[in-house]
Amino acid sequence: MFFISAFLKDVLEFLHTFIGNYGWSIVVFTLLIRLVLLPLDIKSKKSMKRMTDLQPKLAVLQKKYANDKDKLNQKMSELYRKEHVNPMSGCFPMLLSLPILFCMFDAMRVLANEYIVQMILDMKDGVFNPDAMQSWLWIKNVFMPDSFMSTIVPAVGDQLQSISVVDGTLLTQENLDMVREFLTTDAYREIAASFGADGSYIYQAPVLMWTIAIPSQFNGYFLLPLLAGVSQFLSASLLTPQTAAVSDQQKSTNSMMKWFFPIFSVWICATSNSAFSLYWVAVNLIQMIQQYVLNKVLDKKPTALPEEVSKP
C-alpha cells in the first residue's frame, strides 16, 4: 500500500507542476483515475444490467421453490451459469475503489504534512510568501480542513501530533522538533495573528461532548464535508443494484450501509485536510455523472416476465 500511496502522491505533484494549484490538480487527477477505471465500470454496468434482466426469472424461481432454500440456491446457480452471469462481478469496481481511497488518504496526509512543515519552516526563516498558499475557491488552504472551526495555518501552540517522521528529506525528527518549538514562540504568534490563528476565537461554546470554537478567520465553510455526505448518499443510491433476489437480511444491511457511509464520510472529511475531502467529493460526483451516462447508453427495455421456468 505504501508504494501505491507514494506513486499517487508523485502523480499528483507532477500534475501540480503544470497546473500550479493543488485543488485543481486533485480534480484533474480524479478525472484521470476514473478514466483508467472506466473499462471496469462499463463491464460492471453490463453485468448489473444482465442481473436486472434476470430478475423476472429469478422471481419465478423464488416463488416456485419458496419452501426449499437449497433447491432455490441450486436453481439460481444453474441459471447464472446458463446465462453466463456472475452476481458478484458488479461489485468489483466498488471493491477496487476502496484501496484506492485508502491510498489517496495516505498520499494526501503525507503531502499535507510536508506542505505544513515546509510552510512553518519558511515562516521561521522569514521567507514565507502568503500569496503562495494553496487556496481553492472558498478554501484558503487546501491542506487544512474545510471548516469554520479550522484555522488557515496551525494555531499557536499546536503540537501537530498527527505529523510523524516519514522520510529523511523533509519530515524528519529534527524538522518536526523545530516546527513544534516555533509554534509556541511569540514570533509565530505575530505571524499567526494575521491569519486568525493566535489562539483567540470570535465564538466558543460547549456542545454535547465537543466545543465549537470559531476563529476570527477560518479556512472554509464546512461545505466539502457536507457535499461528501450528500454525494455519498446519492452515489450509493444510484450505484446499488435494485434486485429482487436479495434476502431481507441483505436488504437491511444495504439500508444500514446506505446511511452509515454518508455519515462516516462527513466525519472523515471534517477531520481531514481539504485536499482529501475534495478528492472524495470529486470521485462521488464523477461516478454519478458516469453512471448516468452509462445508464443512458447501455440500458435497454427490461426483459418480459416469463410464463414459467423449466422444470427440474
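1. Let's start with Ile163: at 4% relative accessibility it counts as buried (buried is under 20% relative accessible area, exposed over 50%, partly exposed in between, with a 1.4 Å probe and protein chains only). Ile163 sits in the loop between H4 and H5; helices (H or I, at least four residues) and strands (E, at least two) are DSSP runs, numbered from the N terminus. Leaving aside neighbours within four places in sequence, Ile163 is in contact with Asn113, Ile116, Val117, Leu171, Leu176 and Arg180, where contact means heavy atoms within 4.5 Å.

2. A word on the ground rules. This is a predicted model, where local features need pLDDT of at least 70 and side-chain atom pairs count only at pLDDT 80 or more, while totals for chains, interfaces and linings use all residues. Residues are numbered from 1 along each chain as its sequence is written, and side-chain values use heavy atoms, with hydrogens and water left out.

3. Now H5 itself. Asn175, Leu176, Val179, Arg180 and Phe182 are buried there. Seen down the helix axis, these buried residues fall within an arc of 165°, so they line one face of H5 (the arc is that of the directions from the helix axis to the C-beta atoms). Glu174 and Glu181 are exposed, on the face of H5 turned away from its buried side.

4. On to the aromatics: the whole structure has 16 aromatic pairs. Rings of Phe, Tyr and Trp (its six-membered ring) pair if their centres lie within 6.5 Å; planes under 30 degrees apart count as stacked, over 60 as edge-to-face and the rest as tilted. Take Phe148 and Phe222: their ring centres are 6.1 Å apart and the planes are at 55°, so this pair is tilted. The pair links distant parts of the chain, 74 residues apart, with Phe148 in the loop between helix H4 (92–125) and helix H5 (173–182) and Phe222 in the loop between strand E2 (210–215) and helix H7 (223–239). Phe148 is partly exposed at 28% relative accessibility, whereas Phe222 is buried at 18%.

5. What is the angle between the ring planes of Phe260 and Phe261? It is 70°, with the centres 5.3 Å apart, so the pair is edge-to-face. Phe260 is partly exposed at 41% relative accessible area, and Phe261 is partly exposed at 36%. Both belong to a cluster linked by ring pairs, along with Phe105, Phe264, Trp267, Phe276 and Trp280.

6. If you were wondering about cysteines, the search finds zero disulfides, a disulfide being a pair of cysteine sulfur atoms within 2.5 Å. Cys103 is buried, with a relative accessible area of 1%, and Cys269 is buried at 0%.

7. Not counting residues up to four places away in sequence, Gln290 touches Arg34, Leu38 and Asp41.
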